[in-house]
Amino acid sequence: MKKIVVTAAIALCSLNLFAAGADEVSANSEMMTAWNCGFYPGVVRYADIILSTQSSVFTGKAGVYKGESLYKMGRISDSLECLKEALPFVEENKELLAMNYYWTGRALYDLNKIDEALVFFKKSAALSKKAFSKNRNSPEARFYGASILWAGKSEKELGNNKDAVSCFEFVLQNGALFSKDEYEETSVFLMESCIKGGLSEKAVEYGEKLEKKSLGIEVKYRILLLKGDALVQEKKYSEAYKNYCTVLAEGPESLAACAMEKAYSVSSEYQAQV
C-alpha cells in the first residue's frame with residue numbers, strides 16, 4: 001500500500017511539473033541557483049518570469065523568494081507587498097508559509113512596526129515548532145530559531161522584558177543554530193532584559209556562565225558591567241564594585257568611562273557596604 005501511495009505522489013509531482021511547462025521549470029531552477037549564490041537581483045528576475053504566467057505550481061514559491069530577495073536588496077516596502085500577494089498561494093505549504101511570515105516580520109520590524117512584526121514572528125515560530133521538535137534540520141523547521149530570536153528582539157523593543165528573556169534563553173541554549181555575532185548580541189540582550197524585567201538573580205547567574213564562554217572582548221566586559229548592575233539590584237554592592245573595577249582595569253577603552261561612573265556611584269552611595 002505504501003509503495004502505491006509513494007508512486008502516486010511521484011506521478012502527481014511529475015504531472016504538476018509537466019503542466020507547469022518547461023519555461024517555468026527552468027525559471028524555477030535558475031531562481032534557486034541565483035538564491036543559493038546570494039544573487040538576489042537574479043532571484044527577482046526569474047521569479048518575475050514565473051509570476052508573469054496566469055498560474056503556476058511555482059507561483060507561491062516565486063512570490064516568497066522574491067519577497068525575501070527584495071528585503072535583502074533593501075526594498076523593504078516592495079518586499080512587504082510581494083509577500084502579502086504571495087500569501088494565498090502558500091497557505092497549504094508550511095515551509096513557505098513559515099518563510100513568508102518570517103520575512104514579513106523582518107520587513108515590518110525594519111519599518112518600525114514592531115508590534116505587527118511580533119505577530120508574524122510568533123506565527124512563523126508556531127508553524128515551525130512541531131517540525132523543529134522532530135528534526136531541527138528539516139526544511140519546515142529552518143525558520144524556527146530565527147523567528148524566536150526576532151520575537152525576542154521585538155519583545156525587548158516593546159518593553160516586554162520577561163517575555164524577551166525566554167526567547168533569548170532559547171538562543172543561548174541552542175547556540176549552534178546561530179552565528180557568533182547573533183549569539184554575542186543576544187547574550188547582552190538577555191542580561192539587559194533580565195535587569196529591566198526585575199530578574200536580577202537570573203542576570204547574575206547568566207553573567208557567571210557567560211564569563212566562561214569564548215566571547216569578544218567588548219561583549220565580555222559589557223556583560224561584566226551588566227552583571228555589576230544586577231548585583232546592585234541584589235544589594236551586593238561590594239561584588240558590584242569589584243565588577244566595575246575589573247572592567248575599568250582590564251576592559252576596552254570604550255567601556256572605561258561607563259565603568260568609572262558606575263564604580264564611583266556605587267562606592268559613594270553605599271560606601272559602608274563597599
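In which helix does L248 lie? Please take me around that helix.

Modeller: This is a predicted model, so local features need pLDDT of at least 70 and side-chain atom pairs count only at pLDDT 80 or more, while totals for chains, interfaces and linings use all residues. Residues are numbered from 1 along each chain as its sequence is written, and side-chain values use heavy atoms, with hydrogens and water left out.

L248 lies in helix α13. That helix covers residues 237-250. Helices here are DSSP runs of H or I, at least four residues, numbered from the N terminus.

L248 is partly exposed, because its relative accessible area is 33%. Buried means under 20%, exposed means over 50%, and partly exposed lies in between, with a 1.4 Å probe and protein chains only. Now look along the chain. A263 is 15 residues apart from L248, and their C-alpha atoms are separated by 8.7 Å.

Helix α13 also holds E239. E239 is partly exposed, with a relative accessible area of 41%. On the surface, E239 gathers with E201, E205 and E208 in a patch of negative charge. A patch takes residues with over 30% relative accessible area and no salt bridge, and joins like charges within 9 Å. A salt bridge is a side-chain nitrogen of Lys or Arg within 4 Å of a carboxyl oxygen of Asp or Glu. Asp and Glu count as negative, and the charge of Glu is placed at CD.

Which helix gives the largest share of the negative patch? Helix α11, residues 200-210, does, with 3 residues.

How values were computed. Patch = residues over 30% accessible without salt bridge, like charges linked within 9 Å, V, L, I, M, F, W, Y side chains within 5 Å. Areas by Shrake-Rupley, 256 points an atom, 1.4 Å probe, with all protein chains shown as cover. Helix = DSSP H or I, 4+ residues; strand = E, 2+ residues; numbered from the N terminus.
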